[in-house]
Amino acid sequence: MDTDELIRAGENLTTEFKSHVNDRDLTKAVACLANGEGGVLLLGVDDDGTVVGAKPRHGATTEPNRVAALIQNTTEPALPVGVTLEKIDGQEIIRIEVPQADPGPVGTKEGVYTKRVIDTTGQPQCLPMTAHEIVSMGMVMRGQDYAAAVARDATMHDLDPREFDRFRALCKASGDDLGNLADTDILKALGLVPLSDPISLGAVLTFGRDEAVQRWVPNAEFLFQDLRSRGSTTNERTVGPLLRVAETLGRLIDERNDATELMVGMHRVEVPLIPSVTRREAVANALVHRDYAALGPTVVQITDSEFVVSNPGGLPPGVTIANILDQSRPRSPILASVFKRAGLVERRGKGVNDMFEQQLRAGRDTPDYSRSTPDSVVVTVPLGTADLDLVRFLLTWEDERQLPLSLDELRVVHEVKAFGSATSSEVAEELSMIATTTRRVTARLAELGILEARGTGRGRKFHLTARFYDLAQDRNAYVRVKGADPFQQERMILDYVNAYGSITRSQAAMLCQTSPQQARAMLKQLVDEDQLLLVGERRGARYVPSATSSATAK
């Protein structure tokens, strides 16, 4: 991004302004950005974006190469940066391009470690890194597995034979040959015995006695909370080896996992509140991927509307909320291997994808990771009322065709159902899916007879077929969806606004007899065409005539 644009955008997680700093504070500021996501440091700009110009750093001038050399020589490990001089409003600005620490963390030669974060007020800050954050980040960025670290002075006596038996039973049930090995051979096969031959932290986490886990991995604490309004609140704390913890948490969830019965043809099908795959993968992922160097428990909660699993430590490097369905990078490959061999997670490393698929097949919204932060991962699984009509339709169609739908196909079907009818571009925007993928999937679903298309070109809309509404016993809804004329609906909305001055999304939905999602899409189209203008936010949001449409009307 150009420097002008950076200044106009203001300070954020990856952009920092300094009017002037000495060499010591310059190094601290650069290291702070590096320990976040990297970014740009602009010298000669006040915090409010006012350009004041950078003071010369080398006599009467500033030499970019010397600034870069200073930073590289005063950071540990040495951090290479890019430094350029730019003229903004006649003032000289020093622009420093800071890469993300790799490996990290990066500190000053004086031993100062800070990281770039967004504080509770939404403002960027550089805060000191705690000892456990430094250790944790160092291991992750250097590709070091926490589970491979030595548990100093630990011996085989600190490991519980019953946990080895638990692992063997799980392996045999999943068809893995490790179930036939002796204790020490299991440790070696799993990489839980370091080269110097003591016991590793991973061995303690997997097979340790309770007192051993508490001694060597004191942060391995797990909470289960049932916070639903019905019945008494449950709050159970568990500390112990991971395989036993996974079994305990699974039991606590299953004891509270209701199911809804659904008739599909002659068959009775149960739709669980929390699908078994969702429960298994959410819990196992939290145990395997959490940062055991970070303070705080892993928390599993059931509320009236959500199933939530949260754990310390952000997403592994390279994994983001946007690419979580495409990337699988365990924080601890050793612990991930333990759970795969025991049959507790999906072996392909696509457990998150399976969670999404099972939620969609249960007629519910997909898991949500938006509450995650750089310091924690939070997955929220909606537990709202299942769309049983859609569940029945999908089960019937797949049973008749003996052809399971893919995850992308399920996501598109659910989105089209939510909209009533939608273009492939609208679906792509809602699902953050590549446009070409969405076009391919909608075309495929139309070929399979799940979707029908209306219109041509970019305005071509898709909706569910008559078969869905027949199974849902709501044939009138099919007629409404199929027969809806978008041009007529848009005309109705514009006439309403011209008559009454404004319209809300709910009023538009009622006027056109469409869903709120469809009304939102139509209103957005009218805004894009500069016929309406959106004013206000949230509940106060309404649509009024744009300046162009008002002038045309006159």
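Reply: A residue is called buried when its relative accessible area is under 20%, exposed when over 50%, and partly exposed in between. The model is predicted, and the description below applies to that model.

By that cut-off, C32 is buried, because its relative accessibility is 0%. C32 is joined to C126 by a disulfide with an S to S distance of 2.0 Å, and a search of the whole structure finds 1 disulfide. The torsion about the S-S bond is -105°, and the link of C32 and C126 is left-handed. C32 belongs to helix α2 (residues 23-34) and C126 to strand β8 (residues 124-128), so the bond ties together parts that are 94 residues apart in sequence. C126 has a relative accessible area of 32% and is therefore partly exposed. A further cysteine, C171, is buried, with a relative accessible area of 0%.

The nonpolar packing comes next. In soluble globular proteins, nonpolar side chains tend to be buried together. Here the largest nonpolar core holds 92 residues, and those touching the most other members are F167, Y292, F307, F339 and I450. Helix α9 (residues 242-254) contributes the most to this core, with 7 residues. A separate core of 21 residues lies apart from it, including L43, A68, A101 and V106. Within the largest core, Y292 is one of the residues with the most contacts to other members. Leaving aside residues up to four places away in sequence, Y292 touches Y146, L205, V217, N219, A220, F222, L242, L287 and L335.

Aromatic ring pairs number 3. One of them is the edge-to-face pair of F167 and F207, with 5.7 Å centre to centre and 90° between the planes. This pair links distant parts of the chain, as F167 lies in helix α5 (residues 161-174) and F207 in helix α7 (residues 201-207), 40 residues apart. F167 is buried at 0% relative accessibility, and F207 is likewise buried, with a relative accessible area of 0%. Another pair, Y496 and Y500, is tilted, at 4.8 Å centre to centre with 50° between the planes. Both tyrosines, Y496 and Y500, lie in helix α19 (residues 486-500), 4 residues apart, about one turn of the helix. Y496 is partly exposed, with a relative accessible area of 23%, whereas Y500 is exposed, at 61%. Finally, ring pairs join F164, F167 and F207 into a cluster, and F167 is also among the residues that touch the most other members of the largest core.

Conventions:
Residues numbered from 1 in each chain as written. Predicted model: local features only at pLDDT ≥ 70, side-chain atom pairs only at ≥ 80, totals over all residues. Heavy atoms only, no water. Disulfide = S-S within 2.5 Å. Helix = DSSP H or I, 4+ residues; strand = E, 2+ residues; numbered from the N terminus. Buried < 20%, exposed > 50% of the residue type's maximum accessible area, 1.4 Å probe, protein only. Core = buried A, V, L, I, M, F, W, Y, C linked by side-chain atoms within 4.5 Å. Contact = heavy atoms within 4.5 Å. Phe/Tyr/Trp six-rings, centres within 6.5 Å; stacked < 30°, edge-to-face > 60°.
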